[in-house]
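Reader: Please take me through the side-chain pairings in this model. I want cut-offs with every term. Keep it brisk.

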Amino acid sequence: MIPFQSNPRWNNTNIHHGFFGRLGGISMAPFDSLNVGLSTNDNRDHVLANRQLISRQLGLKKLWLTQQVHGTDVFEPRHDHEDAK
């Protein structure tokens, strides 16, 4: 099992989510190990495999990723369009 955290406010919703760190994936240094960013120089196959590991752990058919930024704004997912179902 890959370690992750979740937002308690979303636990009783249809939002299956997780906040993952760097542990539990297959990427090699310096990306080790759970790199999911295709904008790095990591091996593309490793990144896609890491994404698949997360999808399987959360029981998802489709994985949505967000762009991490360091700031004070908070992204709050919503189910207000067709793709979110």
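Author: Helices (H or I, at least four residues) and strands (E, at least two) are DSSP runs, numbered from the N terminus. From the N terminus on, the elements of this chain run β-β-α. That comes to one helix and two strands.

First, the ground rules. The model is predicted, so local features need pLDDT of at least 70 and side-chain atom pairs count only at pLDDT 80 or more, while totals for chains, interfaces and linings use all residues. Residues are numbered from 1 along each chain as its sequence is written, and side-chain values use heavy atoms, with hydrogens and water left out.

Now the charged pair. The structure holds one salt bridge (a side-chain nitrogen of Lys or Arg within 4 Å of a carboxyl oxygen of Asp or Glu). The side chains of D32 and R22 form it, at 3.9 Å from N to O. D32 and R22 are 10 residues apart, and each lies in the loop between β2 (19-20) and α1 (44-58). Side chains of opposite charge can pair when their charged atoms come close.

How open are the two partners? Buried means under 20% relative accessible area, exposed over 50%, and partly exposed in between (1.4 Å probe, protein chains only). D32 is partly exposed at 39%. R22 is partly exposed too, at 49%.

Next, the rings. Rings of Phe, Tyr and Trp (its six-membered ring) pair if their centres lie within 6.5 Å; planes under 30 degrees apart count as stacked, over 60 as edge-to-face and the rest as tilted. The structure holds two aromatic pairs. One of them is F4 with F20: the centres are 4.9 Å apart and the planes stand at 25°, so this pair is stacked. F4 lies in strand β1 (residues 4-5) and F20 in strand β2, so the pair ties together parts that are 16 residues apart in sequence. F4 has a relative accessible area of 30%, which is partly exposed. F20 is at 22% and is partly exposed.

Then the helix. L53 sits in α1. Its relative accessibility is 26%, hence partly exposed. L53 touches I2, G24, G25 and I26, not counting residues up to four places away in sequence (contact means heavy atoms within 4.5 Å). L53 and I2 are 51 residues apart in sequence, yet 8.3 Å apart in space, C-alpha to C-alpha.

Last, the whole chain. Buried residues make up 20% of its 85 residues. Of the contacts with a separation of 6 or more, 29% join residues 24 or more positions apart.
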